[in-house]
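Subject: Structure handover, with notes on one helix pair and on salt bridges

Dear colleague,

I am passing on the structure below, and my notes come after it. Please read them with the coordinates open.

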Amino acid sequence: MSIRIVFAVMSATQQGATVAQLANALAPHTVLIHHDFTKKKDFRVDCPNVRFVPNPTVTGWGSWGLSRGIFHTIEHALRTLDFDYLHLLSPTCLPIRPLSELEASIACSKVDIHADMFEVERDEQSLMNFGCRAYAYGDSLKYRALGRLRKHYFGPDAILEQTCSLSMWRRSPEREARGRSVLDRIALGATQAAARGWLGANPFSQTFRPMIGSLWIGMSHRVCEYLMRIRHSDPVSDYFAHLKIVDEMLFPTLLANSPFKVGPALHAVNDFDPYGSPYWIKDTDLDRIFATGRFLARKFPDDPSASVRLRALERAAAVRRVPEPVSA
């Protein structure tokens, strides 16, 4: 191995055989599993390259428990394992290119972090998609009010767009052609006011910008150490813990505002359904997933015998004469 990678799998509900198949595909690299046994008690993976995180936290999609579990997993990796690079994965991920190519790409990369992310205030429609999550606690009246304004702003004919391993709404061309109504302008103004802290304080500033992105991030050993140093800082413990779907905002924000350089993700995520969850990858999706040029992907079905999983694993096992690293 030219580089030592730890693949940190955040597990809760998938069957052990599915995760074992993933672990075998990632050997000889270490697979560190954080499994929430309150969700699935009969979970077992017996592979020589697998380690379990002791005292796992109770997790949940988008909850602070998941973020806490990730911090706990990274801390355990730093304390007990020798590694150069750590990559977060879900149990429904698989490699889609040979590991030798992934190793070569990481080894020659000029960045310390590989992640898909962008600023919440990248443009007006990004702000309207994610502003209520960034600038209001998830259980607050402000969140519900901004959410209702968001729904009106995009309207029932909104178009679902896939971007940076996330889904977001865009106003339809017909709605855009009609211009902004009074209520549209109120919705935008209220969200902008929340961003500026006029509707309640938030920790963001010109030097600490809120980001949104995919959770399936790769990072160097020194980035992991950095996250452990700052995890208890006030913006993390006092603000982010109350946000809705916090993980997709917490880790991109901390990493993008770090002293380290961020490059494109090594991981592809399938298109999302209208409810914000990736579709299960089907055989008909594979060519599109392979065409991303990335090395890992989700969301594969929770069935080790599924043909789409076997086809992906067959491709990942293939030997290529010349590595094709993702440029960073």
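Predicted model: local features only at pLDDT ≥ 70, side-chain atom pairs only at ≥ 80, totals over all residues.

Residues are numbered from 1 along each chain as its sequence is written, and side-chain values use heavy atoms, with hydrogens and water left out.

Helix H4 (residues 124-135) packs with helix H7 (residues 182-195) at an angle of about 55°, their axes being 9 Å apart; helices (H or I, at least four residues) and strands (E, at least two) are DSSP runs numbered from the N terminus, and the axes are lines fitted to C-alpha atoms over the stretch in contact, with angles running from 0 to 180 degrees between N-to-C directions. That angle makes H4 oblique to H7, since angles under 35 degrees count as roughly parallel, over 145 as roughly antiparallel, 65 to 115 as roughly perpendicular and the rest as oblique. On the H4 side, the contact (heavy atoms within 4.5 Å) is made by Glu-124, Leu-127, Met-128, Gly-131 and Tyr-135, and on the H7 side by Ala-187, Leu-188, Thr-191, Gln-192, Ala-194 and Ala-195.

As to charged pairs, the structure holds 24 salt bridges, each defined as a side-chain nitrogen of Lys or Arg within 4 Å of a carboxyl oxygen of Asp or Glu. Asp-123 pairs with Arg-122 in a salt bridge (3.9 Å, N to O), and Arg-170 also forms a salt bridge with Asp-123, the closest N and O atoms being 3.5 Å apart. Asp-123 is partly exposed, at a relative accessible area of 28%, where buried means under 20%, exposed over 50% and partly exposed in between (1.4 Å probe, protein chains only).

Arg-180 forms a salt bridge with Glu-176, with the closest N and O atoms 2.6 Å apart. Both residues belong to a network of salt bridges that links Glu-124, Arg-171, Glu-176, Arg-180 and Asp-184.

Best regards
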